[in-house]
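The sequence and the model are shown first.

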Amino acid sequence: HKRRESTMKKMLIVPVVWALSAIVLLGGCSTAKFIKTGTSAAAKPDDCQIEIFTTKQPDREYEELGIIEGEGFLGGDSLEMVLPKMKIEACRAGGDAIILLSSQKSFDGEDENLNVTATVIRWTD
């Protein structure tokens, strides 16, 4: 009977693991893409330091490198989930900071989506 119980436990664990994996993969999906609109800059490592400006403009001289469009979907994403991917794109574009332009949620009938737009900048001073 012990062997049968062990087999039954394994049969129950496998579907649970698959279900949890699917939730993790589907529940926290976000993307970000960079669109070049200005000067080119050398790429930086993905984990570079990026300043984020949300309510005020930077008080330093800068030039615009482009726009980042971030998107979170499947109802589980917030700005905190989308920003890390946007920061990676800003690093890859050679940026020093991003200025958040807009953040809005939309509902497509099934899922709630978050769309975030930011300008990538590089300090010139």
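## A pair within helix H2

Arginine 92 and glutamate 89 lie three residues apart in helix H2, so about one helical turn separates them. An α-helix has 3.6 residues a turn, so residues three or four places apart point the same way. The two side chains meet in a salt bridge, with N to O at 3.3 Å. A salt bridge here is a side-chain nitrogen of Lys or Arg within 4 Å of a carboxyl oxygen of Asp or Glu. Helices (H or I, at least four residues) and strands (E, at least two) are DSSP runs, numbered from the N terminus.

Glutamate 89 counts as buried, at 17% relative accessibility, whereas arginine 92 is partly exposed at a relative accessible area of 43%. Buried means under 20% relative accessible area, exposed over 50%, and partly exposed in between (1.4 Å probe, protein chains only).

## Basis of the values

The model is predicted: local features need pLDDT of at least 70 and side-chain atom pairs count only at pLDDT 80 or more, while totals for chains, interfaces and linings use all residues. Residues are numbered from 1 along each chain as its sequence is written, and side-chain values use heavy atoms, with hydrogens and water left out.

Six salt bridges are found in a search of the whole structure. One of them joins the side chains of arginine 92 and aspartate 46 at 2.9 Å, N to O. This pair links distant parts of the chain, 46 residues apart: arginine 92 is in H2 (residues 79–92), and aspartate 46 is in the loop between strand S1 (29–36) and strand S2 (51–53). Aspartate 46 is partly exposed, with a relative accessible area of 39%.

Aspartate 125 forms a salt bridge with arginine 60, with the closest N and O atoms 3.2 Å apart. Here too distant parts of the chain are linked, 65 residues apart: aspartate 125 is in the segment after strand S5 (112–123), and arginine 60 is in the loop between S2 and strand S3 (62–73). Aspartate 125 is exposed at 59% relative accessible area; arginine 60 is partly exposed at 34%.

The buried residues of H2 are Val82, Leu83, Met86, Glu89, Ala90 and Cys91. Their cover includes S1, S2, S3, strand S4 (97–107) and S5, where contact means heavy atoms within 4.5 Å.

After H2 comes glycine 94, with a positive phi near 85°.
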